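Let's take a walk through this one, piece by piece. Have the structure open beside you as you read.

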Amino acid sequence: MEENKHIDPLQIARRTIALEAGAIEGLVALLTDDFTRICSTILAAKGRLIVSGIGKSAVIAQKIVATLNSTGTPAVYLHAAEAIHGDLGMILQHDVVMIISKSGESPEIKVLAQLVKNFGNPVIGMVGNTESYLAKQSDFVLNTTVSQEACPNNLAPTSSTTAQMVMGDALAVALMELRGFKSEDFAKFHPGGALGKKLYLRVADLYIHNEQPKVAADTSLKEVIVEISKKRLGATAVVNETGELLGVITDGDLRRMLEKNSSFNDVQAHQIMTRNPKTIEAEALAIDAMELMRKNNISQLLVVQHNQYLGIIHLHDLIKEGLI
């Protein structure tokens, strides 16, 4: 195998993307009422959706299972070869089985389809050949036929596996919407990841771990500087006797004030504070705090409840949680 230096990789990439995009677009015309019946069957099932395949289709099956599980449809991956060598016990009475294959004629696929059929479980065939053995053994068919693989030899599964994955996504999203699956439900299945944190992590979960810098309106400049430096959040709140928020002084405010003034002996907090500062409620989502900081190009927000000052949430808190 010799390197061909006359080939343009960019041109090949564009051709590949165009071919696969065409394959995906072609799926729309291949959808039938079987898609609706499949959704109804899966929703009505008391068991799970078992998804199986072999070769590249097995890899796609794993991805589809992951998407289904994270969007509210219980699913289990079963490798077709392992299934006929002992793993068929994974299929329970009330499960629905979806088998993925481009040709629908692989020996393992043919054996698996017949065995599942004998069990009495509903069989969904996601197949690229509607005249295949798998298609004929299936109760429902998801047609993922492609006219051409992106591979120049029309051999390596490329367009066909893309079509399978997109059809799997279409099924997962349809089931998700039919179940009324909301963002709160999504967060339950992703509690440890950044996606889940965006949906459940609140400002109250973060600001409580920070210091609570605050000064009175008549606090001297020196004390303001000490408070900001000591609490290390780059700002301090200015509050009245009952803890109500009056304003904020940031280290940026201090720098600007020092540049403009030559005498600081009599300067008090209320003279340099910013009134009506940006605030956020403790029960707000942390992702909302991030958007507010980004919109206003600031690195901290004062946390309040009924205008009572509670503390500060900092940009670093959001970075630490992986939200940025």
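Before the tour starts, a word on axes: they are lines fitted to C-alpha atoms, for helices over the stretch in contact, and angles run from 0 to 180 degrees between N-to-C directions. Helices (H or I, at least four residues) and strands (E, at least two) are DSSP runs, numbered from the N terminus. Contact means heavy atoms within 4.5 Å.

This is a predicted model, in which local features need pLDDT of at least 70 and side-chain atom pairs count only at pLDDT 80 or more, while totals for chains, interfaces and linings use all residues. Residues are numbered from 1 along each chain as its sequence is written, and side-chain values use heavy atoms, with hydrogens and water left out.

Let's begin with the open sheet of three strands, ordered β10-β11-β12 with mixed pairing. Here two strands pair if DSSP finds at least two bridges between them. β10 (279–281) and β12 (308–314) are the edge strands, each with a single partner, so one side of each has no neighbour in the sheet. From one strand to the next, the twist averages 40°. Strand β11 (residues 300–305) runs antiparallel to β12, and six bridges join them; glutamine 300 sits opposite histidine 314 in β12. Lying across β10, β11 and β12 is helix α14 (residues 286–296), which runs at about 130° to β11.

Most residues other than glycine have a negative phi, and most peptide bonds are trans. Asparagine 297, in the loop between α14 and β11, has a positive phi of about 55° although it is not a glycine. For burial, the cut-offs are under 20% relative accessible area for buried, over 50% for exposed and partly exposed in between (1.4 Å probe, protein chains only). Asparagine 297 counts as exposed because its relative accessibility is 72%, whereas asparagine 307 is partly exposed at 38%.

Now for a pair of helices. The axes of α2 (residues 33–44) and α7 (residues 159–178) come within 10 Å and cross at roughly 55°. That makes α2 oblique to α7, given that angles under 35 degrees count as roughly parallel, over 145 as roughly antiparallel, 65 to 115 as roughly perpendicular and the rest as oblique. On the α2 side, Phe35, Ile38, Cys39, Ile42 and Leu43 meet Met167, Ala170, Leu171, Ala174, Leu175 and Leu178 of α7.

Zoom in on leucine 171, which belongs to α7. What does leucine 171 touch, not counting residues up to four places away in sequence? The answer is Phe35, Ile38, Cys39, Ile42 and Met98. Leucine 171 counts as buried, because its relative accessibility is 0%. Leucine 171 and isoleucine 64 are 107 residues apart in sequence, but 9.1 Å apart in space, C-alpha to C-alpha.

Two more stops. Strand β4 (residues 123–127) pairs with β5 in the parallel sense over four bridges, with valine 127 opposite asparagine 143 in β5. Strand β5 (residues 140–143) is covered on both faces: Phe140 and Leu142 on one side, and Val141 and Asn143 on the other, are all buried. Finally, helix α12 (residues 251–260) has Gly252, Asp253, Leu254 and Met257 as its buried residues, and their cover includes α11 (221–231), β8 (245–250), α13 (269–272) and β9 (274–275).
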